[in-house]
Amino acid sequence: MLKKAMLIVSLLVLVVSFQNCSDSSESLSFDLSSEVAQKANYQWIFENVFQKKCMDCHSGGTTFAGLDLMSYNSLAAFIVSGEPDQSALYLRSFSTKFFVLTDLERSVIRAWIEDGGKKN
Ligand code: HEC
């Protein structure tokens, strides 16, 4: 009898802890997508990605592929508004041996282009 009661209690504990698990992962993915949405603008990308990781090769005297990241107009030629998968900027925004982009930064660039890729 006592064994049966113990079994029921353990099952209850298991069910409750699984529920907690799925709760916390839901709120985690929600936090991430709202963080991406909040950062998906030109200003944030310019300051946090371009200025920190790209200018050595894409500004001043060195503008590989003709891309000068100090100029939005120059960048615009590498964006297809609303279409990240057709945009050289997104297609190039994976880590290479020259720079590292985080998943968050890639998601922000993608969301910004989906939203039009405007100078906002
Ligand atoms: C160490 C130098 C270097 C750094 C740093 C660098 N790039 Fe480049 N990038 C190049 C070179 C060289 C090319 C042209 C040759 C090529 O396409 O590989 C290029 C080309 C590009 C192109 C055009 C690709 C195309 O298909 O037309 C884009 C867009 C680009 N880079 C984006 C970036 C972004 C965004 C960063 C920063 C996150 C960055 N690059 C950092 C060297 C660099």
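Me: Which helices each supply at least two residues of the shell around the ligand?

Reply: Helix 2 (42–53) and helix 4 (88–91) do. Helices here are DSSP runs of H or I with at least four residues, numbered from the N terminus. A caution before we go on: this is a predicted model, where local features need pLDDT of at least 70 and side-chain atom pairs count only at pLDDT 80 or more, while totals for chains, interfaces and linings use all residues. Residues are numbered from 1 along each chain as its sequence is written.

Me: How many residues surround the ligand, and which are the closest?

Reply: A residue is near a molecule if its C-beta atom, placed from the backbone, lies within 6 Å of it. Here 17 residues surround the ligand, and the closest are Cys54, Cys57, Phe64, Ala65 and Phe98.

Me: Why does Ala88 count as partly exposed?

Reply: Buried needs 20 or more other C-beta atoms within 10 Å of a residue's own, exposed means 12 or fewer, and partly exposed lies in between, with C-beta atoms placed from the backbone. Ala88 counts as partly exposed because it has 14 C-beta neighbours inside 10 Å. Ala88 is found in helix 4.

Me: And how should I read the largest nonpolar core?

Reply: In soluble globular proteins, nonpolar side chains tend to be buried together. A nonpolar core is a set of buried Ala, Val, Leu, Ile, Met, Phe, Trp, Tyr and Cys residues joined through C-beta atoms within 7 Å. The largest one has 11 residues, including Ile45, Leu89, Tyr90 and Trp112. Helix 5 (103–114) and helix 4 each give two or more residues to this core, and helix 5 gives the largest share, four residues.
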